[in-house]
Structure formats: C-alpha cells, structure tokens
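Please keep the sequence and the model in view while reading.

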Amino acid sequence: MNLAVLGATGSVGSQTLSVARRRGHRVVALAARRASPEFWRLVEEFRPEAYTFDEGSGEAAFGRRIAGPNALTELALWPAVDTVVLAVTGFAGLAPMLAAVQAGRRVAAATKEAIIAGGDLLRGAVADGLLLPVDSEHAAAYQLLRGRPPETVRRLIITTSGGALRDWPIERLAEAAPEDALRHPNWNMGNLITIDSATLINKGIELIEAHVLFGLPFAQLDVWIHPTQIVHALCETVDGALYASLARPDMQLPIEQALAHPNVPEGALRPLEPEDMAELRFARPDPRRYPSLRLCRDAGTIGGTMPAVLTAADQVAVRAFLAGEIGFASIVPLVASVLERHEVVESPDLEALTAADRWARQTAEGLLRRSEVR
Ligand SMILES: NC(=O)c1ccc[n+]([C@@H]2O[C@H](COP(=O)([O-])OP(=O)(O)OC[C@H]3O[C@@H](n4cnc5c(N)ncnc54)[C@H](OP(=O)(O)O)[C@@H]3O)[C@@H](O)[C@H]2O)c1
C-alpha cells in the first residue's frame with residue numbers, strides 16, 4: 001500500500017512509520033512542520049515521491065519538495081497515494097482531510113481537532129469507509145458499532161485514564177507545573193494531547209469526535225474514568241447489555257486496523273491475558289475536577305464554528321501553560337472565555353472555519369496579553 005504520512009515526525013506519525021516498515025507499505029509522500037534532522041532522516045530512509053515542511057530549508061537529492069499553503073492538500077491528493085495518514089496537530093489537518101475524502105480517497109485520521117472542526121462537512125465519510133479513526137477509543141467504538149443497527153444502540157461510552165493529575169487534591173490543581181501535567185499514566189504522546197488529557201479537554205474533544213464520526217447525539221455519549229485503559233470503548237444496547245472492546249493501550253492497533261480495513265491485521269498486538277485485566281475499575285468523572293467535559297459537550301451541541309474555536313483556543317491556552325504564562329487551573333477558563341465571546345456561524349464552509357480558527361487564536365492571545373486570565 002502507498003501511504004502519505006502527514007505529521008511523520010510526531011508520536012502517531014512515527015508509530016505509523018514503524019507499521020509501514022513492518023508491513024512493507026511504501027511511503028510516497030511525507031510531511032512535517034519543521035525540516036528537522038529527524039525529518040531528513042525519514043526522507044532519506046523512505047525516499048518519498050513528494051515531501052513538505054513549513055519551517056526551515058533544504059532539498060533532498062530525490063523526490064519533489066512541495067511548498068506553499070496548500071502543500072498538505074497536494075500531498076493528500078498525490079496520485080500514487082492509496083491512503084492518507086493524517087497525524088499533524090490541529091486545524092491544519094482539515095483541508096487535506098476534506099480534499100482527500102471528497103476525492104474518494106481513504107484517510108486514516110488521528111487529527112481530532114480537524115475532525116471536530118470539520119463536523120458536518122465530514123458527515124457520511126465514516127459510513128462510506130473513507131474516514132477511519134486512528135484513536136484508541138474511536139477505533140474501538142468503530143469495531144463495536146460496525147454492523148449494529150443504530151436503533152439498537154442506547155449509549156456509547158469512551159474511557160479515560162483521568163490524566164496525569166487524576167489523584168491530585170482538587171484544591172492543589174492550580175499549582176500543577178507542566179512537568180506534573182505531562183506525566184501521563186498510560187500513554188507517551190505529544191505535549192498538546194498530554195496536557196489535554198490532564199484537563200480532560202482531550203476527552204471532551206473525543207466526545208465531539210464520536211458525535212461527528214458516528215452521528216450519535218450527545219445524550220447517547222458518555223465518558224467513564226478507567227485508570228488502566230484496557231477497555232477503550234463500551235456500547236450499551238437497548239436490551240441493557242454492555243459490549244466492551246479491550247486491548248493493550250498501544251496506538252499500533254488503531255493504526256494497523258485503519259490501514260488494513262476492512263481486513264483484520266493479524267498479529268498487530270500481543271493479546272491480553274487474565275493477569276493484564278486484574279484491575280478493571282471504572283468511575284464517573286467528577287465535574288468539579290473536570291469542568292472541561294461540560295464545556296466541550298456544550299460546544300459540540302451548539303456545533304457550527306464552535307468546535308473549531310474550542311480547539312484553537314485550547315492550543316493557545318496549552319502553549320501559554322507550557323510557557324509558564326498561566327497556571328494549570330486557568331486553561332479551561334481561558335478556553336471558556338473565548339467560547340463565550342464567539343458569534344457562531346452555522347453550517348460553516350472551510351473558509352468560515354478557517355476564519356473562526358484565526359479569530360479564536362487572536363482572541364485567546366488578546367485575553368492573555370490583557371492578563372484577563374491568569
Ligand atoms: N499521540 C497519540 O497517541 C494520539 C492518539 C490519538 C490521537 N492523536 C492525535 O493525533 C494528532 C497528532 O498527535 P501527536 O501526539 O502525534 O502529535 P506530535 O507528536 O506533536 O506530532 C505532530 C506531527 O505533526 C507535524 N505537524 C504539526 N503541524 C504541522 C503542519 N502545519 N504541517 C505539517 N506538519 C505538521 C509535526 O511536525 P514537527 O515534528 O516538525 O513539529 C509532527 O510531525 C493530534 O491531533 C492528536 O490529538 C494522537
């Protein structure tokens with residue numbers, strides 16, 4: 001299979017490349033933000049037909065360097081590509097994802113910010129087999145929901161570890177430093193998603209992602225805390241039965257499943273044994289510890305440009321937290337302040353979503369400059 005790997009130097013991107021090496025997939029297009037030494041090492045190893053980066057300079061002795069604002073889209077539509085693996089961070093993933101899906105090309109999509117921003121524009125893409133989720137919870141949910149008549153599904157539940165600060169006293173959360181919030185109990189991921197896991201904004205974004213991907217209303221979507229994250233998703237049917245999807249917490253599985261679809265990738269993961277499942281505890285998230293869940297549910301319910309504004313404001317807030325400009329407990333209030341100020345555009349197109357993304361970043365930066373959130 002010929003892949004375009006967008007976000008090749010990141011956590012999901014490099015795990016995708018491990019799968020490509022193991023399964024013998026060709027990487028014909030490759031993208032990262034920076035022309036870093038790691039980027040050039042990958043270009044050297046995979047010798048793609050086309051590659052792009054946003055920051056830095058240089059050219060390889062082979063392959064074509066694509067530049068400019070539409071470079072990711074050009075790579076997603078590169079003729080030799082069978083499947084696009086979307087593993088960049090943020091809104092930048094939306095245009096290439098939409099272009100690929102509209103061209104009838106398969107996208108294995110990890111970039112949840114782009115999925116929730118795209119909202120209605122992506123409707124039907126999962127049912128058509130064009131958009132395959134690369135996220136443990138959604139890949140598990142996809143397997144649970146496939147072939148199940150929608151009217152028999154009462155609830156879809158996705159799980160969370162509760163993040164790095166799950167066991168901290170609520171009154172001490174304001175003191176949490178970046179290194180505390182970056183210590184995720186189960187996953188080794190990029191900085192943004194790890195901080196988003198500590199606030200649970202990541203899980204709130206995933207609720208909206210489930211709504212977009214599977215078309216389930218928010219009343220049928222739930223989040224449970226499950227510290228060991230062996231169970232990734234559960235599906236409750238109208239007869240009261242609960243079906244669960246269990247696997248080791250390892251991104252190789254959703255990546256392999258998305259690339260192999262509709263086949264089952266043999267030997268993708270070491271199977272679970274009874275001793276791995278001795279600790280299957282679940283709890284409801286405490287809304288006082290995790291106010292982000294309500295915020296994300298509301299943003300998702302309003303829809304339109306609101307989810308794009310949510311993730312853009314969150315990225316500014318997380319950047320400010322990591323730079324020591326605001327405390328941990330100010331991340332969610334900063335995002336909430338931006339959402340409150342937003343005038344929603346209903347049924348937005350890509351242009352309106354791009355404008356909303358830009359507006360949210362500027363508004364969040366403005367609030368920070370005026371020290372309205374600390
Ligand atoms: N990590 C996980 O386990 C996981 C699980 C599920 C979903 N996701 C989602 O997957 C996405 C990627 O997460 P990650 O943890 O892999 O992030 P990451 O480690 O920060 O990597 C992001 C990758 O995207 C590249 N990139 C960022 N912006 C770009 C742009 N505008 N143009 C081209 N390349 C760009 C980065 O290049 P540089 O290295 O040059 O900056 C890097 O290769 C996020 O949306 C995340 O929420 C991640």
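In helix H13, which covers residues 331–341, the buried residues are Ile331, Val332, Leu334, Val335, Ala336, Val338 and Leu339. A residue counts as buried when 20 or more other C-beta atoms lie within 10 Å of its own, as exposed with 12 or fewer, and as partly exposed in between, the C-beta atoms being placed from the backbone. Helices (H or I, at least four residues) and strands (E, at least two) are DSSP runs numbered from the N terminus. The cover over the buried residues of H13 includes helix H8 (191–199), helix H11 (292–302), helix H12 (306–322) and helix H14 (350–369).

The model is predicted: local features require pLDDT of at least 70 and side-chain atom pairs count only at pLDDT 80 or more, while totals for chains, interfaces and linings use all residues. Residues are numbered from 1 along each chain as its sequence is written.

Attention now turns to a sheet. Four strands make up an open sheet of mixed pairing, in the order E9-E8-E10-E11; two strands pair if DSSP finds at least two bridges between them. Strand E9 (221–225) and strand E11 (242–246) are the edge strands, each pairing on one side only. From one strand to the next, the twist averages 25°. Strand E8 (residues 153–160) pairs with strand E10 (residues 231–237) in the antiparallel sense over five bridges, and Ile158 has Ala233 in E10 as its bridge partner. Across E8, E10 and E11 lies helix H6 (residues 136–145), which runs at about 35° to E10. Axes are lines fitted to C-alpha atoms, for helices over the stretch in contact, and angles run from 0 to 180 degrees between N-to-C directions. Contact between two residues requires C-beta atoms, placed from the backbone, within 7 Å.

The ligand has 28 residues around it, of which Gly7, Gly10, Ala110, Met189 and Gly190 come nearest; a residue is near a molecule if its C-beta atom, placed from the backbone, lies within 6 Å of it. Helix H1 (11–23) and helix H5 (112–118) each supply at least two residues of this shell, and H1 gives the most, with three residues.

The protein chain as a whole contains 14 helices and eleven strands. Its C-alpha trace spans about 55 × 55 × 40 Å along the principal axes. Buried residues make up 48% of the 374 residues in the chain. Of the contacts in the chain with a separation of 6 or more, 64% are between residues 24 or more positions apart.
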